[in-house]
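Hi,

Here is the structure I promised to pass on.

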Amino acid sequence: MSGAFEDVDYVWCDGGIVPWEDATVHVMSHVVHYGSSVFEGIRAYRTPSRVSFFRIQDHLRRLRVSARIHGMELPYSSVDLEAACGAVLAANGFEEAYVRPVVFRGLGAAGLDPDFSPVRVFVVAWPWGAYLGDEAGEQGVDCCISTWSRPAPNTLPMMAKAGGNYLSGSLMKVEARRRGADEAIALSPAGHLSEGSGQNLFLVIDGVILTPEVDGTFLLGITRDSVLRLARDLGYEVREGLLPREMLLAADEVFLAGTASEVVPVRSVDGVPVGDGDPGPVTCHIRDAFRALVTGEAPDPYGWLTPVSVPAPAGV
Ligand SMILES: Cc1ncc(COP(=O)(O)O)c(C=O)c1O
């Protein structure tokens, strides 16, 4: 076992806490062959007074929508799942952590039809620093435009955070590494800007914040929504629209936002510096405001932080 998972001792599995070693699936599970999972990534932050989840109920709502899109009935309420997330943190003794509820089709009938394979639910948590590296938030990252486009609407539902969709992101991510970039930005099938392999995309032009409009080619990020609301409340003009790729060259600033990455400046795209190549003032303003809110240094007028409540030891 490597890196991030070394400290994980317990996993929540189908209703209770089990040792890490027992959190396994059979090789003939439907999900292994056909990617039939939906999942979430939620962060727990240590604030000065307590440990809090960031927008956990919004994440769990999206999990439910993802499950509905793929015809899976979630056997637990969002209240139960929030308790499960708390139970996993408590069992492992984690405070700041990334929490991953995953719902998938287990071992059942052979063949594609998922409805004859049981729905299983696991929640795993692990300490996970900044996804794009410790320096990324301060110094920015180098991106490439992927040669892989995101899937077209009505091919794979990209609004679902589904395991199978991440084959697209994996191709992008590998390509980025091989081309010496930190992250890849994909276009939609129509050639408009879409998203990063695990983040939504923002541009800043003349002080206005721009992000791709909902076009069925990217995940509707909860951090994206948080950035849009924070930015408006900080007095920025914010626009969602169809953005041609060349707008990356017109942009004064570019940044990525997602739960794992948080808010990260993009300093170059395909080797061309964004603006003067340093993180710009609007990006830094949004990054710092986001950081201050999630860590409890600034007030949370939105009610986005909820204290982690630790359920009884037996779990839910
Ligand atoms: C493909 C993709 N786009 C965008 C995001 C950002 O979503 P969120 O802010 O809800 O984490 C993620 C991260 O989960 C992602 O995997």
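Let me start with A260, which sits in the loop between β14 (253-258) and β15 (262-269); helices here are DSSP runs of H or I with at least four residues, strands are runs of E with at least two, and both are numbered from the N terminus. At 11% relative accessibility, A260 counts as buried, where buried means under 20% relative accessible area, exposed means over 50%, and partly exposed is in between (1.4 Å probe, protein chains only). Leaving out residues up to four places away in sequence, A260 touches R43, Y98, W128, G129, A130 and Y131, with contact meaning heavy atoms within 4.5 Å. A260 and V121 are 139 residues apart in sequence, and their C-alpha atoms are 21 Å apart in space.

Some housekeeping before the rest. This is a predicted model, so to speak of local features takes pLDDT of at least 70 and side-chain atom pairs count only at pLDDT 80 or more, while totals for chains, interfaces and linings use all residues. Residues are numbered from 1 along each chain as its sequence is written, and side-chain values use heavy atoms, with hydrogens and water left out.

On to the domains. The assignment gives domain 1 (3-126) and domain 2 (136-279), with bounds that come from an automatic or database domain assignment. Their C-alpha centres lie 26 Å apart, and the contact takes 18 residues from domain 1 and 18 residues from domain 2.

Now the cores. A nonpolar core here is a set of buried Ala, Val, Leu, Ile, Met, Phe, Trp, Tyr and Cys residues joined through side-chain atoms within 4.5 Å. Which residues touch the most other members of the largest one? Out of its 41 residues, they are W12, F53, L81, L89 and V99. The elements giving two or more residues to this core are β1 (10-13), β3 (37-39), β4 (42-46), β5 (51-54), α2 (56-69), α3 (78-92), β6 (97-105) and β7. The core also draws at least three residues from each of domain 1 and domain 2. A second, separate core has 22 residues, including C143, A251, V254 and V269.

Not counting residues up to four places away in sequence, F53 touches I42, R43, A44, E82, C85, G86, L89, V99, W304, L305, T306 and V308.

W126 is in strand β7 (residues 119-126) and is buried, at 6% relative accessibility. Beyond residues up to four places away in sequence, W126 touches A4, F5, V8, F94, A97, Y98 and R100. The C-alpha atoms of W126 and A186 are separated by 28 Å, and the two residues are 60 apart along the chain. V102 lies in strand β6 and is buried too, with a relative accessible area of 18%. Apart from its neighbours within four places in sequence, V102 is in contact with S37, V38, F39, R120, V121 and F122. V102 and V124 are 22 residues apart in sequence and 8.1 Å apart in space, C-alpha to C-alpha.

How do α6 and α8 cross, and at what angle? The axes of helix α6 (residues 222-233) and helix α8 (residues 281-294) come within 10 Å and cross at roughly 110 degrees; axes are lines fitted to C-alpha atoms, for helices over the stretch in contact, and angles run from 0 to 180 degrees between N-to-C directions. That makes α6 roughly perpendicular to α8 (under 35 degrees counts as roughly parallel, over 145 as roughly antiparallel, 65 to 115 as roughly perpendicular, and the rest as oblique). On the α6 side the contact is made by T223, S226, V227, L230 and A231, and on the α8 side by I286, A289, F290 and L293. By class, this contact has seven nonpolar, two polar and no charged residues, with Ala, Val, Leu, Ile, Met, Phe, Trp, Tyr, Cys and Pro counted as nonpolar, Asp, Glu, Lys and Arg as charged, and the others, Gly among them, as polar.

D14, in the loop between β1 and β2 (16-19), has a positive phi of about 50 degrees although it is not a glycine. D14 is partly exposed, with a relative accessible area of 31%. D206 also has a positive phi of about 50 degrees without being a glycine; D206 lies in the loop between β11 (200-205) and β12 (208-212) and is exposed, at 70% relative accessibility. G207 is found in that loop between β11 and β12 as well and counts as partly exposed at 32%.

Cheers
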